[in-house]
Amino acid sequence: VREAFRIARKYAPPGVALYYNDYSTPYEPKLTGILRLLQELKDDGTIDGYGFQCHYQLDTPSLKQLQNAMDKVIALGLTLRMSELDILINAATDEALQLQAKRYGSLLELFRGYKDHITAVHTWGVTDDLSWKASHYPLLFDKDGQPKPAFFAVADPMR
């Protein structure tokens, strides 16, 4: 990984930010390993930020776990990208869709609190039917391209 970042830094045009992107970041012992790698890359001068792959459930990771991980990466002097955001649910019932919306809203509220450190938040697709986890209705739009309650929790949190 270190060699890949050295080569990328050498050949990337000036001003290109290099990010290491990984999943399950908020969970130990993975977080400790990621932080160790990020420190090495930072010491090498080959990294600018870290991407959290946000393939999450309704209850996991906890907001506290995620915030802890974000704080530790920021403490290294790196910027954040919240990538591949999706929230899995087991059925497209009204109740499940409302819980999903609440979870999306809670995450975006947390992310807004870190707006000076996060360069982007993006989902892992657009419509549920084209998702890698289509049977778990993870995204902001249903199979027909209609916005779900989660969309409004993200786009209009006061709604």
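Analyst: Beyond its neighbours within four places in sequence, Thr25 is in contact with Leu31, Ile34, Tyr50, Phe52 and Ala69. The model is predicted. Thr25 belongs to the loop that runs between strand 1 (19-23) and helix 2 (30-44). Its relative accessibility is 1%. Buried means under 20%, so Thr25 counts as buried.

Two of those contacts, Tyr50 and Phe52, carry rings. Ring pairs join Tyr50 and Phe52 with Tyr20 in a cluster.

A charge comes next. Lys30 places its charged end over the ring of Tyr23, 3.4 Å from the ring centre. Lys133 has its charged end over the ring of Trp132, with 4.7 Å to the centre.

Now the ring pairs. Two values describe a pair of aromatic rings: the distance of the centres and the angle of the planes. The structure holds four aromatic pairs. One of them joins Phe141 and Phe151. This pair is tilted, at 5.1 Å centre to centre and 50 degrees between the planes. Phe141 lies in the loop between strand 4 (118-123) and helix 5 (149-155), while Phe151 is in helix 5, so the pair ties together parts 10 residues apart in sequence.

Phe151 also pairs with Phe152. That pair is edge-to-face: 5.1 Å centre to centre, 85 degrees between the planes. How exposed are these two residues? Phe151 has a relative accessible area of 24%, so Phe151 is partly exposed. Phe152 is partly exposed too, with a relative accessible area of 24%.

How values were computed. Residues are numbered from 1 along each chain as its sequence is written. This is a predicted model: local features need pLDDT of at least 70, side-chain atom pairs count only at pLDDT 80 or more; totals for chains, interfaces and linings use all residues. Side-chain values use heavy atoms; hydrogens and water are left out. Helices (H or I, at least four residues) and strands (E, at least two) are DSSP runs, numbered from the N terminus. Buried means under 20% relative accessible area, exposed over 50%, partly exposed in between (1.4 Å probe, protein chains only). Contact means heavy atoms within 4.5 Å. Rings of Phe, Tyr and Trp (its six-membered ring) pair if their centres lie within 6.5 Å; planes under 30 degrees apart count as stacked, over 60 as edge-to-face and the rest as tilted. A charge sits over a ring if NZ of Lys or CZ of Arg is within 6 Å of the ring centre and within 35 degrees of the ring normal.
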